[in-house]
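Let's take a quick tour of a protein model together. Keep the picture handy and click along as we go.

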Amino acid sequence: MSTTVSKECSTINGVNGHHEPDHSEPSRSEGELFLSEAFKVILEEAVHKATDVNEKVCEWKEPEELRALMDLELGDHGESHQQLLQRVRDVAKYSVKTNHPRFFNQLFAGVDYHSLAGRLLTETLNTSQYTYEVAPVFVLMEDVVLRKLRSLVGWTEGDGIFCPGGSVSNMFAMNVARYWAFPQVKTQGLWSLPRLAVFTSQESHYSMKKAAAFLGIGTENVYHVKVDESGRMIPEDLEAKIVHAKSQDAVPFFVNATAGTTVQGAFDPLDHIADISERNGMWMHVDAAWGGSVLFSQKHKHLIAGLERANSFTWNPHKMLMAGLQCSVILLRDTTNLLMRCYCANATYLFQQDKFYDMSLDSGDKTFQCGRKVDCLKLWLMWKAIGAQGLSNRVDKAFANTRYFVEEIKKRDGFQLVSEPQFVNVCFWFIPPSLRGKENSADYQEKLAKVAPYLKERMVKKGSMMVGYQPLDSRVNFFRMVILSPQLTHSDLDFFLDEIERLGEDL
């Protein structure tokens with residue numbers, strides 16, 4: 001071989017003759033060994049340590065420092081077994097521990113171990129929930145779970161499907177409602193429609209505006225209905241807004257009521273809204289993504305009275321029930337196959353009409369998705385593990401912990417409730433010693449608005465806990481405490497109040 005050829009081969013095999021190790025395709029035994037060892041790391045770092053109150057909720061790093069620590073850039077060559085295990089450790093170490101008992105930041109928290117097992121199995125089986133032939137167990141399972149969820153409302157018949165999150169479930173509802181009112185929109189598009197009007201409360205989820213924008217209805221055609229002090233929709237204003245929309249030559253077709261608003265946890269008066277919807281020939285949807293789980297509780301399901309009169313509703317079991325992200329459904333009272341008629345495109349490579357089994361089992365054409373993640377297993381396995389009674393106890397415990405927390409807040413100086421909680425959202429201001437008694441000062445509201453952001457920064461950088469804050473209408477920044485995990489104890493709630501005082505004593 002010539003010198004030139006030898007040099008070329010050397011360069012191809014490695015720089016200046018140094019061979020790069022080939023980690024690109026591990027053998028089956030190597031792959032299974034890595035999985036086994038990675039799972040041990042995950043169990044220790046992301047489960048055991050992540051649920052230990054003696055560990056931090058988060059290991060805060062500034063973005064540039066975190067980028068350097070994680071070595072996020074991607075290269076041409078694979079890494080070794082040990083390097084990859086260290087990657088797994090680092091991802092767990094620097095991620096927020098949402099399973100931690102002192103994580104109160106979102107409308108999800110804690111860990112359900114049976115659901116987690118379902119999530120792991122779902123990822124391992126790696127199938128798509130569109131046809132019986134590739135997901136036979138999950139097609140039948142989804143049908144059972146959806147039927148059981150509908151029965152909690154009192155619907156003996158109906159329809160539904162798992163969606164990738166509550167925002168998409170809400171958008172599904174708006175789109176189906178438009179098809180129900182104007183079926184020609186599917187084939188003729190927006191040219192075939194009059195100006196449409198959507199109604200939702202001032203404190204409803206922002207997904208309503210996004211859905212209107214995405215569907216071409218337009219955000220200016222979303223009418224925001226006034227709410228009372230606790231955040232509940234005022235039905236009289238809904239009626240006034242409908243009259244106003246009609247005067248502008250808009251066609252009211254969709255009203256969204258909320259069962260458990262994002263900030264205050266308010267429940268709109270569903271029966272009254274249903275009366276108005278029926279009089280005006282409108283589709284009534286209920287965004288119960290957050291509050292739907294009260295259906296399991298005999299003590300608290302009165303909050304959602306009237307839900308059975310809705311045409312559809314969204315429910316996220318990944319929130320209060322702790323099924324794990326993501327687990328969201330849209331449920332319909334409809335028995336005319338509206339979902340299928342609205343969304344079907346009859347792809348012949350998936351939904352052949354001469355299959356050897358019952359084609360009605362193929363649910364994939366009831367959604368605008370093609371590939372669809374299996375989201376029913378985690379809920380099904382959790383439900384199998386603890387039963388409906390266990391889920392009811394979980395809801396009731398969250399309410400009991402909330403009552404305890406509110407009682408403790410009222411005993412302490414410097415804590416002021418924004419409103420009396422209806423649900424498990426507790427909204428409050430912390431007033432540091434330097435501001436107490438100065439409520440009438442000209443700059444009081446300006447200074448109070450800075451308290452929550454300061455305290456949030458301190459707690460996150462310390463890693464002691466996490467809780468959200470926000471302004472709302474004319475009310476300056478306040479904390480929104482969300483109490484839902486059954487792993488929570490009274491000592492965790494006492495710690496939270498003590499820590500707020502410690503972090504804010506010098507402000």
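Let's start with Gln326, which sits in the loop between β7 (312-315) and β8 (328-332). Keep in mind that this is a predicted model. A cis peptide bond links Leu325 to Gln326, with omega at about -10°.

**Positive phi without glycine**

- Asp249 isn't a glycine, yet its phi is positive, at about 65°.
- You'll find Asp249 in the loop between α10 (235-247) and β5 (251-258).
- Asp249 counts as exposed because its relative accessibility is 65%, and the cut-off for exposed is over 50%.
- Asp473, also not a glycine, has a positive phi near 55°.
- Look for Asp473 in the loop between β11 (466-472) and β12 (475-482).
- With 57% relative accessibility, Asp473 counts as exposed too.

- Which way do the residues of β7 point? Ser312 and Thr314 point one way, while Phe313 and Trp315 point the other way.
- Ser312, Thr314, Phe313 and Trp315 are all buried.
- Strand β6 (residues 283-287) runs parallel to β7, and three bridges join the two.
- β7 and β8 run antiparallel, joined by four bridges.
- Here you can look for Trp315, whose bridge partner in β8 is Val329.

How values were computed. Residues are numbered from 1 along each chain as its sequence is written. This is a predicted model: local features need pLDDT of at least 70, side-chain atom pairs count only at pLDDT 80 or more; totals for chains, interfaces and linings use all residues. Side-chain values use heavy atoms; hydrogens and water are left out. Buried means under 20% relative accessible area, exposed over 50%, partly exposed in between (1.4 Å probe, protein chains only). Two strands pair if DSSP finds at least two bridges between them.
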